[in-house]
Amino acid sequence: MKTFLKSLLAAITVLTMTACASNSVQRVDGGEQPQLTDRWNASDSQSVAEALIPDMLSFPWAKPGADGELPVIAIQHISNRSHEQIPVETFINSIKRELLRSGKAEFVVTGAERERIRDEKMDQEMFASMDSAVEMGEETAATFALSGVITSLVDQLEGKRTTTYQVDLKLIDLRSNREVWNGQKQIHKYSERARFGL
C-alpha cells in the first residue's frame with residue numbers, strides 16, 4: 001500500500017511539474033490582443049470607437065462654424081454599468097483618439113484634470129514672468145458634451161456562456177440642449193469551458 005501511495009504521489013508531482021513547465025509567455029504586437037476570456041479588453045474599446053466615430057461624424061453637428069472653428073467637445077460622463085470592472089478611461093481615450101485623428105473636432109479637459117491645469121495657471125501668475133505666464137480667463141468653452149453608458153448581459157448554461165456588451169453614447173449641443181447624435185454598438189462574445197481529463 002505504501003508503495004502504491006508513493007507511486008501515486010510521484011505521478012501527481014510529475015503531472016504538476018509538467019503542467020507548470022508548459023506555461024509560456026509571448027510578446028504580441030500592440031495592435032493584437034489574444035482573447036483569453038470573454039471579458040472586456042482594450043481591443044473592444046478600440047473596436048467600439050472605430051465603429052461609432054464615423055457614424056458620429058456623419059451628422060450635421062460635425063461641421064466647422066462660420067468662423068472656421070472646429071466643434072469643441074467635453075466628456076461629461078461615461079459610466080460602467082456592466083457586470084465587470086471596465087477601465088472606462090481607456091475607452092474614453094480610444095474615443096478621443098479617433099475623433100482627434102479625424103481632424104473634425106477638438107476636446108477640452110474636464111473634472112480633476114481641468115482643476116489641475118487651473119492650479120498650474122494660478123501658480124504661473126504668482127511665480128512666472130509676466131510675458132511667459134498663461135493668463136486666466138482664456139479657456140476655450142465646449143460647445144458639445146459627450147456622455148454614455150456601458151452595459152452587459154450574460155447568459156450561460158452548462159459551461160457555455162454568451163456575453164453581450166452594449167455601449168450607448170450621445171452628444172448634446174450645450175447651447176440648445178438638443179441631442180444631436182446618438183449611437184450604439186454591441187459586442188458579442190461566446191466562451192466554452194474546456195473539459196480536462198487524464
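Asn41 is buried, with a relative accessible area of 10%, which is under the 20% cut-off. The model described here is predicted. Asn41 belongs to the loop between helix H1 (2-21) and H2. A polar atom of the Asn41 side chain lies 2.9 Å from the backbone nitrogen of Ser43.

## Helix H3

Helix H3 spans residues 88-102, 15 residues in total. From its first C-alpha to its last it reaches 22 Å, close to the expected 21 Å. Its buried residues are Val88, Phe91, Ile92, Ser94, Ile95, Glu98 and Leu99. They lie on the same side of H3 because they cover an arc of only 155° around the axis.

The buried residues of H3 pack against several elements: helix H2 (42-57) and the strands E1 (72-80), E2 (106-108), E3 (144-157) and E4 (160-173). After H3 comes Gly103, which has a positive phi, near 75°.

In the pair of Trp40 and Phe91, the ring centres are 6.2 Å apart and the planes stand at 85°, so the pair is edge-to-face. Trp40 is in the loop between H1 and H2, while Phe91 is in helix H3, so the pair ties together parts that are 51 residues apart in sequence. Both Trp40 and Phe91 are buried. Together with Tyr165, these residues form one aromatic cluster.

## A charge over a ring

Lys96 lies over the face of Phe107, at 5.9 Å from the ring centre.

Key. Residues numbered from 1 in each chain as written. Predicted model: local features only at pLDDT ≥ 70, side-chain atom pairs only at ≥ 80, totals over all residues. Heavy atoms only, no water. Helix = DSSP H or I, 4+ residues; strand = E, 2+ residues; numbered from the N terminus. Expected span 1.5 Å × (residues − 1). Buried < 20%, exposed > 50% of the residue type's maximum accessible area, 1.4 Å probe, protein only. Arc of directions from axis to C-beta. Contact = heavy atoms within 4.5 Å. Polar contact = N/O pair within 3.5 Å; in protein donor to acceptor, adjacent residues only side chain to side chain. Phe/Tyr/Trp six-rings, centres within 6.5 Å; stacked < 30°, edge-to-face > 60°. Lys NZ or Arg CZ within 6 Å of the ring centre and 35° of its normal.
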